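Please read these notes with the structure open.

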Amino acid sequence: MREVINARFDERYVEETLENGLHVVLWHKPDYEKSYFMMATPLGALDMEQVDAKGNRIQYPAGIAHFLEHKMFEDEEMDVMEQFSAMGANVNAFTSYQETCYYFSTSKDIEKPLELLLDFVQKLSISDASVEKEKGIIIQELHMYKQMSDTSLLMELFTSLFVKHPMRYDIGGDDASVRAITKEQLEDCYRRNYHPQRMLLVGVTAKDPRFVMEIIKRNQAKKQFPHIEIVERGYEEEPKTVARKEYRFEMDVSTPKHAIAYKLEGIADAKKRKQCEWAIALALDVMFTTLNPDYQKWMDEGIINDYFGYEVDLGNDYGFIVLYGETQKTQAFMELIEEHMKKLLDQKIDAACLEQLKRRYYGTMVRSLNRFDEIAISFMRSYFAGLDFYDSIELVSQITQADIDAALAHIDLEQKACVHLYPKKSKNS
């Protein structure tokens, strides 16, 4: 068991890889009553193709990771959620494009809920009938999300951006892909991706890490896991061009919504990728927030409102910048974004402003060390990306204008997709 102490942040954790391959990280937070535990696998919605060590390619329907998350809570002998509740613990799970996570929090004794977390995640019990029943539930859930305007806007944007990449699908897949999922595929996907060698357990607690580690080791010693071929996410080369440049659709909204995305190439090196993401985010902050003297004017003229926002996301094989807004002044909004994205590429940030922004982001990340869920999620994502957790925090404070210039050179304004969501027309109009 290795102890990692960071004097600068006054934080410490221990970590150990168990004999079965499960990597355990226990973050020690003395003087807190709450405990938070998360068990995660790097199986996400992007894993529609996986490649094992022998080069075998395994294909899965879109949405299989999300489908598995649903089925993990199924147990013929007990109601998993009720069991956690009876122990005074709150349990939940989520699937993203990159990972699937199961977690609980409690202010009471951790031993029983921790045992339960390990047990239900490390056991899949499904039948053909239960899989078929679940398909209807998931499809209904997908249809519910399609009624949400923001979700629909984002998914139409991803469909516009990507030609082949799995990002073009909803995390849950679609009706056809969900119906295509079989019991055998679920079992195969589970076997390959829920093996201890693939998983990470992060605990944030005031309990003595040695005591907690013994609970985990005793639990794991009772179980046997077959040998597996380690898999990696498969990739199909994505064209640099967008799938469609412009798309319009209608829903029950009162004000038109617009999203503009610029397609970026991914960056394989995790550290460079994170640095580039931070650098672009800093540049966007200067151009599209109140740091820009024209921002209030845009608000006063109704070109943007409080809904306006943006984000940048870079993966090792994909990337994009998205800017979105809600306005009746569609043309003015589009011109504003286009004009200021051109300015962005030549932007030189005032040194004092850059330092202020870096301190703001750095302070936010340091404060997040008091939030147990953020510690667990951030550590998990750094770990799966191959980044040192503390290095990932320090990166933002080290960014220079040269780094920003290099990151902005990564942007091709020609590779742009625009999606417009308009109110439904009245039958009488």
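**Notes on strands and spaces**

1. Strands here are DSSP runs (E, at least two residues), numbered from the N terminus, and two strands pair if DSSP finds at least two bridges between them.

2. This is a predicted model, in which local features need pLDDT of at least 70 and side-chain atom pairs count only at pLDDT 80 or more, while totals for chains, interfaces and linings use all residues. Residues are numbered from 1 along each chain as its sequence is written, and side-chain values use heavy atoms, with hydrogens and water left out.

3. β5 and β6 make a hairpin with four residues between them. In the turn, glycine 55 has a positive phi of about 90°.

4. β5 also pairs with strand β10 (residues 231–233), in the antiparallel sense and over three bridges. Arginine 233 in β10 is the bridge partner of glutamine 50.

5. An open sheet of seven strands runs in the order β1-β2-β3-β9-β4-β8-β7, with mixed pairing. Its edge strands, β1 (2–6) and β7 (89–95), each pair on one side only. Within this sheet, β4 (residues 35–41) and β9 (residues 200–205) pair in the antiparallel sense over five bridges. Methionine 39 has leucine 201 in β9 as its bridge partner.

6. The structure holds one cavity of 30 Å³ or more. A cavity is a set of points on a 1 Å grid over the protein atoms alone where a 1.4 Å probe fits but cannot get out; lining residues have an atom within 4 Å of a point. Grid points are joined across faces, edges and corners, and a volume is the space filled by probe spheres set on the points. The largest cavity has a volume of about 30 Å³, and its lining includes Gly44, Ala45, Asp47 and Met48.

7. The lining of the largest cavity divides into six nonpolar, two polar and one charged residue. Nonpolar covers Ala, Val, Leu, Ile, Met, Phe, Trp, Tyr, Cys and Pro; charged covers Asp, Glu, Lys and Arg; the others, Gly among them, count as polar.

Terms used: 1 Å grid on protein atoms, 1.4 Å probe; cavity = no way out; pocket = protein on both sides within 12 Å on 5 of 7 lines; lining within 4 Å.
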